[in-house]
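Here is a short note for a colleague who is meeting this structure for the first time. Please keep the sequence and the model open while reading the points below.

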Amino acid sequence: MNLIFVKNYEEMSEKAYEIVKKILIGKKNATLGLATGTTPLGLYNKMIEDFNLGNVSYKNVTTYNLDEYVGLSTNDEQSYTYFMRTNLFNHIDIDLKNTHLLDGMAKNMNEACDNYNKMLEKADIDVQILGIGGNGHIAFNEPNEPFDSVTHIIDLTPKTISDNARFFTSINDVPTRAISMGIANIMATKSIILLASGANKADAVYAAVKGDISKNCPASALRNHKNVTFIVDDAAAAKIK
Ligand code: F6R
């Protein structure tokens with residue numbers, strides 16, 4: 001596992017983009033695994049900036065997102081599909097046909113999960129971007145999720161619901177379930193970059209990096225991956241330094 005310490009959110013985003021850019025330059029038809037939330041926004045801004053400078057193209061790039069809330073339509077401003085369009089896809093030359101997100105409104109959720117798993121089996125993701133939950137979750141794999149899980153429906157924990165309430169008018173509006181790639185899907189990607197910034201991530205980073213590799217901290221599973229890089233800022237690294 002590579003552990004890179006950076007000063008702050010800005011440096012974390014720069015470092016992450018350095019790695020992503022190398023992949024994009026080396027492979028025009030790269031496949032990216034993408035996350036939502038506050039953590040990757042800085043990286044997405046760097047991707048857009050560099051695209052506007054003409055340095056990279058996403059014409060032949062394919063993406064897969066980690067997760068989606070159950071019950072939100074793609075047009076809902078809180079949905080992850082809406083997030084990806086407004087924060088990245090609408091600002092680069094990616095073909096939306098090559099972007100893949102889970103459907104939180106699927107009539108048959110089991111079928112939606114199976115279809116996504118089948119796609120992921122063939123996807124061969126070059127780099128998976130991850131944030132980390134305050135409770136150590138990756139994607140929406142909450143503590144106690146088995147490491148061999150694949151895409152499935154998850155009941156969000158009260159901690160995740162309250163952490164994510166900041167994006168909604170009221171905590172009562174936060175969906176209580178999500179559809180998410182499983183830990184095994186994440187572990188099957190070729191490389192992983194986990195980003196962590198801020199004091200509210202310090203306990204989770206400690207458990208992921210120094211704690212036991214256990215279901216109590218889903219992110220600890222990543223230590224078994226052959227090519228994983230954690231990029232952690234000062235505040236998030238406070239307990240491991
Ligand atoms: C989002 C996701 C989540 C977030 C995590 C951190 O697609 O999979 O695991 O990465 O909840 O969220 P932020 O970045 O908002 O602190």
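In what order do the strands of the open sheet lie, and what is the sense of their pairing?

1. The model is a predicted one, in which local features need pLDDT of at least 70 and side-chain atom pairs count only at pLDDT 80 or more, while totals for chains, interfaces and linings use all residues. Residues are numbered from 1 along each chain as its sequence is written, and side-chain values use heavy atoms, with hydrogens and water left out.

2. The open sheet is formed by 7 strands in the order β1-β10-β9-β6-β2-β3-β5, and the pairing is parallel. Strands are DSSP runs (E, at least two residues) numbered from the N terminus, and two of them pair if DSSP finds at least two bridges between them. At the edges are β1 (2-6) and β5 (99-100), each of which pairs on one side only.

3. Strand β1 pairs with β10 (residues 228-233) in the parallel sense over 5 bridges, and Val 6 has Asp 233 as its bridge partner in β10.

4. Around the ligand there are 13 residues, of which Thr 39, Asp 67, His 137, Ala 139 and Lys 201 come nearest; a residue is near a molecule if one of its heavy atoms lies within 4 Å of it.

5. An oxygen atom of the ligand lies 2.7 Å from a side-chain N or O atom of Thr 36, and for His 137 an N or O atom of the side chain is 2.7 Å from a ligand oxygen atom. In Ala 139 it is a backbone N or O atom that lies 2.7 Å from an oxygen atom of the ligand.

How values were computed. A polar contact is a pair of N or O atoms within 3.5 Å; within protein, one must be able to donate a hydrogen and the other to accept it, and residues adjacent in sequence count only if both atoms are side-chain atoms. Helices (H or I, at least four residues) and strands (E, at least two) are DSSP runs, numbered from the N terminus.
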